[in-house]
Structures are given as C-alpha cells and as structure tokens.
Amino acid sequence: MSHVGKMIPKFAICRCGAILPLTQRIIKCGRCGLLYEYHPEKIALFTLEFQCGDNPLFSFQLFESVIIGRDGYDRNYIKIRSMEDRMKMENTYIRNIFISRDHVAIHVEEEMIVPRDGQEIIVKKKCKIEDLGSKNGTEINGIPLRPGMQYELKHNDIVILAPKTLLPLTITLKEKIINEQEI
Ligand SMILES: [Zn+2]
C-alpha cells in the first residue's frame, strides 16, 4: 500500500445550491436554513486492486492522478507513475506484455464536497479513467473505452486492460469513507 498528496477542502454545496463555507463543525445554510455537520477528519479513500493471472493481489491507495502502464526500463512489469512527476514509480510486481507503456490515466479531480446521506458533510473526490490510446484497449464493466475520453469510476467498478488478450489485467476500484488517522 502507498499514497501521496493531500488537499484541504474549503466549501460544500447545499441541497438548495448555495455555497457553504466549511469554517466550523455545525454549518447552517444562509439561504434555506438547513443544518449540516461537517466531518473534516473523514475522507473518501480510493483503492485500486490489481489482479492478473496467477499474480498475488496488489493494492494501491490512490491520492493523486496516475498513469498505469508498462515500465520503460524493465519492460515486463506494470508500473504506476504519478502524473505530476512521471519518474515516481510504484512497482506492482505484475508481469504483462500486453499492456502499453502509457495504457490508462486515472484522474483524481480536485476535491469537492457534497453532503452525504442525512446532514453529514465529508471530503469527496472524483475519480475518472482515460485510455491513452493503448494498443489492446480498456473496458469498464464490459464496455470498451473510447481512447482520450474520461469516464467516471465508482465503487466496485471493474476495469480490464487488454481484455481480448491472453492476459487481461483487472483493476477494481474500491471507495471507502475512513477517518484520516487510519491512513
Ligand atoms: Zn441551502
């Protein structure tokens, strides 16, 4: 498991559409009067679970935008590279020659905050996937991605890289709300 980066939330959107500055724990909407409880210590954590052939399951905690593809140096292995600093790498220890060097990008969008069920407000991020013109393509839940287009990922979505080859690489997105201290 690994992770990098963190952003600080500033405001949320009320159900009525008004902007709620997140300055204290109990927040009252100035327009409609709804009361909210803000939980700055809770965040939505994305985990990518990799599975391919007989390799053991590899998990990656996603905090920033990354590119998934084959390593340029040790070309058999799947690497996760930070989009900001392409040199930074995370080895998955998964061998797969059907994956392109830049196969997919996973974009983690700037933090936005939405009230959850009831009146609780927590930090929320958006996660989108983009096929970067890979040779063997990508599917989400069985639907092929159009290269260069971004698709939103939700909890339990199953992404398959190189689906029609001998060695499809399966990535499952897991979203979990946790207390920050648990990271
Ligand atoms: Zn309101």
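Me: In which sense do strand 8 and strand 9 pair, and over how many bridges?
Reply: This is a predicted model. In it, strand 8 and strand 9 pair in the antiparallel sense, over 4 bridges.

Me: OK, packing. How many residues are in the largest nonpolar core, and which have the most contacts inside it?
Reply: That core has 25 residues, and Leu62, Ile106, Leu161 and Leu169 have the most contacts inside it. Several strands supply at least two of its residues each, among them strand 5 (42-51), strand 10 (104-108) and strand 18 (169-179).

Me: What is leucine 169 in contact with, leaving aside neighbours within four places in sequence?
Reply: Its contacts are Phe50, Cys52, Ile78, Ile94, Asn96, Ile99, Ile160, Leu161 and Ala162.

Me: What does the second core include?
Reply: It is a separate core of 9 residues, including Ala12, Cys14, Ile43 and Ile122.

Me: Where is leucine 48 found? And is it buried or exposed?
Reply: Leucine 48 is found in strand 5. It is buried, because 21 other C-beta atoms lie within 10 Å, and the cut-off for buried is 20 or more.

Me: What does leucine 48 touch, beyond residues up to four places away in sequence?
Reply: Phe60, Leu62, Ile171 and Leu173. As for serine 59, its C-alpha is 5.6 Å from that of leucine 48, with the two residues 11 apart in sequence.

Me: Switching to strand 4. Which side chains point to which face?
Reply: The side chains alternate along strand 4 (residues 35-38).

Me: What does isoleucine 26 stand opposite in strand 4?
Reply: Glutamate 37. The two strands involved, strand 3 (residues 26-28) and strand 4, pair in the antiparallel sense over 3 bridges.

Me: How many residues lie between strand 3 and strand 4 in the hairpin?
Reply: There are 6 residues between them, and glycine 33 in the turn has a positive phi of about 85°.

How values were computed
Residues are numbered from 1 along each chain as its sequence is written. This is a predicted model: local features need pLDDT of at least 70, side-chain atom pairs count only at pLDDT 80 or more; totals for chains, interfaces and linings use all residues. A nonpolar core is a set of buried Ala, Val, Leu, Ile, Met, Phe, Trp, Tyr and Cys residues joined through C-beta atoms within 7 Å. A residue is buried if 20 or more other C-beta atoms lie within 10 Å of its own, exposed if 12 or fewer, and partly exposed in between; C-beta atoms are placed from the backbone. Two residues are in contact if their C-beta atoms, placed from the backbone, lie within 7 Å. Two strands pair if DSSP finds at least two bridges between them.
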